Number of protein chains: 2
Amino acid sequence: MTLKLRQLNTAAADFEAEFQRVLHWSAETDAAIETRVAEILADVRGRGDAAVLDYTARFDQLSADSLNALELTREELKAAFDAISPAQRAALTAAAARVRSYHERQLEACGRSWSYRDEDGTLLGQKVTPLDRVGIYVPGGKAAYPSSVLMNAIPAQVAGVPEIVMVVPTPRGEKNPLVLAAAYVAGVHRAFTIGGAQAVAALAYGTATVPRVDKITGPGNAYVASAKKHVFGQVGIDMIAGPSEILVLADGTTPPDWVAMDLFSQAEHDELAQSILLCPDAAYIEQVRASIERLLPTMPRAAVIRASLEGRGALIQTRSMDEACSLSNRIAPEHLEVSSAEPHRWEPLLRHAGAIFLGAYTSESLGDYCAGPNHVLPTSGTARFSSPLGVYDFQKRSSLIEVSEAGAQKLGPIAAELAYGEGLQGHARAAEMRLKR
Amino acid sequence: MTLKLRQLNTAAADFEAEFQRVLHWSAETDAAIETRVAEILADVRGRGDAAVLDYTARFDQLSADSLNALELTREELKAAFDAISPAQRAALTAAAARVRSYHERQLEACGRSWSYRDEDGTLLGQKVTPLDRVGIYVPGGKAAYPSSVLMNAIPAQVAGVPEIVMVVPTPRGEKNPLVLAAAYVAGVHRAFTIGGAQAVAALAYGTATVPRVDKITGPGNAYVASAKKHVFGQVGIDMIAGPSEILVLADGTTPPDWVAMDLFSQAEHDELAQSILLCPDAAYIEQVRASIERLLPTMPRAAVIRASLEGRGALIQTRSMDEACSLSNRIAPEHLEVSSAEPHRWEPLLRHAGAIFLGAYTSESLGDYCAGPNHVLPTSGTARFSSPLGVYDFQKRSSLIEVSEAGAQKLGPIAAELAYGEGLQGHARAAEMRLKR
């Protein structure tokens, strides 16, 4: 069966319309889900543990007498770690070490308090402190990703969060040993086998058993995404994740099979995932297409990959690499591979992307698991305004202001003038009271 | 008329219940507002300029033939600046200079790209870039704050945002000259006299006249807050602001009139604003109460201040300054004054606050207008997980990863092991293809 993979050319008259069709992604929420989620949130807020137990029994076919019974002990997590294969243990441990090392650099680069005194002796600055308690949502069931445990928990740990609470649904009680082992390696403090909107509600409001957290991070299905958006404000959230995407910007120097497999590695996530190739070289695009056709039947998840490539994928021929960079900025992809012999020539032109993978050896999958940077990245063009999950997501800042007596004399009249202009006499007089007579 | 200002004592048996009543603040949204806002957003998304004009005529009693007619030119902004009093011009300019200087330090402290290479020559880091275009919402009508223009626009400008679009409603066409002058001083690029949910929609979706932005910041009424929450995901937003609050932590060494006026300066914002004093010294609390009673009748906004203090204010006697610090952390106030002779003794104990004002000379109002730090701060306890508006809100980060050939040999087997464990063979094979045979 031939693959119906869309091919575009920026020189074609209908390019813009075709391109818009490729980009189109409706993030519209399903009203039925919204209503259902609002009910679940209100119920958990009102009935606490009992409501969480009810929904867990109903949605996950997992019954328990108390929520305590759904807490995983540190011993269970350790037992899972001890029970996986030595190769898996080594891989998890190595990945965790690299992720930790990268996020420690991130903490150094932007996570420290700072202050200075001006010429009047007035101190100004910001104090950076970790959040007290965070919740990380880990999907369970058909897409259980131990790597997501590392990517969410380790930045929180590096930020200095004293209590990391993980929730992970375990449909019919089936626990994923790699997820539990990852929680052990990442240093998760508490873990509950609950999921869905009910788990988000438990974390946001707190129940008798589940402690209320300050922020919830981590991906989930439509119910989880809707619940996170609902509780935003009550607690912090990281982002609302859409389907995953990869954009490969190729100059034709990377083996075509590598690029084909990189496109697959995104498409295999789910039918809505998006894989796009931008390349100025028509012959190379044909080589990648041939690789795709040849390799696709060898993939265990071929059906998902085919659906994703046919539904949302595209091979786009551009006039030049420069034009490819411009188009990439319009897409603002989650993952951006610069599969070029000159990656540093193009990188400065790339303004919007969750993560930029430079050079032929940097497959997205290396970054997904163990290069070090986070794999929780802004999707659906939100890289225009948001950032990878990082240490900074588990910190907050407080401004520090200590106005000296001399400073108060200088600042008082300015503040008073502006405050009177705004009709706020209390503000003005508070400033004026600090003036020497 | 005696002021009915709640007084609590942490040693009292009913303290916890009373304290919960003081803290209680329902951020529940009004379902009628939600529905109305959803309709406005959908209408602006569908009809663009025409819908914005309709709502502006209806809600602001301001009619125009085209949205172009509602754009303020740079000349109009300059004319407003030229027309205000010399004292106002000087105050605006001085405040802007200090705010800019502080935010430039913030950029230096945490806004730069960074990268490093590991022992295999693999490059890892983050590239920090400004957003392309941001929208700042400035309230109009009864509470028009030129200082908010500076506090929103200057961090965006310091971050390097090339296009800052301001929206400000002008009910019945009445423009606030100080707001226009502040826009001139702050370097706003474009400005429209539109407001409400329709302005938020225009910025989030774009219309023929109003350009689509990447992020919307700035405070507004319940409609604006609801609209911002709705469009979150489509664009970035700063935060959902609740009523403003001040917490004064006093050791009894500051003149009581100063503290009373600082409490007023928050209470005068609106009836829902909250002013709380925490102090271990009963006699000093009585002095502050006497100052409040004496000064209140002298305030032009006495009615608002009274309503706010009686409805949500409190004087709380604590056992010690240490206990006061603990309570402060539970409140996580927007503004926290450490009105003490030893502010640096207590500051390290304070974990959650939008801004911390140290020492008797640091009235909140100096910080609100011109000390330098931002006055857009997390309210309603959200300082537990969020931060003052800053340069970082107008930047985003992209991870940089360049795996060397040697690095790919080391990382490939780790990534493949984990990918097979997650059932993602495409990921595994993409890593394995980079291994040398």
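Contact, in these legends, means heavy atoms within 4.5 Å. This is a predicted model, in which local features need pLDDT of at least 70 and side-chain atom pairs count only at pLDDT 80 or more, while totals for chains, interfaces and linings use all residues. Residues are numbered from 1 along each chain as its sequence is written, chains are lettered from A and ligands numbered from 1 in the order in which they are written, and side-chain values use heavy atoms, with hydrogens and water left out.

**View 1. The annotated positions of chain A.** Under "binding site", an unreviewed UniProt entry lists Q266(A), H269(A), D368(A) and H427(A). These residues are spread over 162 residues of sequence and also in space, with up to 55.7 Å between C-alpha atoms. UniProt positions are given here in the numbering of this model, with feature names shortened, and such annotations may be inferred rather than shown by experiment.

View 2. Q266(A) belongs to helix α10 (residues 256-267) of chain A; helices (H or I, at least four residues) and strands (E, at least two) are DSSP runs, numbered from the N terminus. With a relative accessible area of 0%, Q266(A) is buried, where buried means under 20%, exposed over 50% and partly exposed in between (1.4 Å probe, protein chains only). Its side chain makes a polar contact with that of S244(A) at 2.4 Å. A polar contact is a pair of N or O atoms within 3.5 Å; within protein, one must be able to donate a hydrogen and the other to accept it, and residues adjacent in sequence count only if both atoms are side-chain atoms.

**View 3. Surroundings of H269(A).** H269(A) sits in the loop between α10 and β11 (274-279) of chain A, and is partly exposed at 22% relative accessibility. Not counting residues up to four places away in sequence, H269(A) touches Y145(A), S244(A), R301(A) and V304(A), together with L424(B) and H427(B).

**View 4. A sheet in chain B.** Six strands of chain B form an open sheet with mixed pairing, in the order β2-β7-β6-β5-β8-β9; two strands pair if DSSP finds at least two bridges between them. Strands β5 (residues 133-137) and β6 (residues 163-167) of chain B run parallel and are joined by five bridges, with I136(B) opposite M166(B).

**View 5. Surroundings of Y55(A).** Y55(A) lies in helix α3 (residues 49-60) of chain A and, at 5% relative accessibility, counts as buried. Leaving aside neighbours within four places in sequence, its contacts include R36(A), D43(A) and Q198(A).
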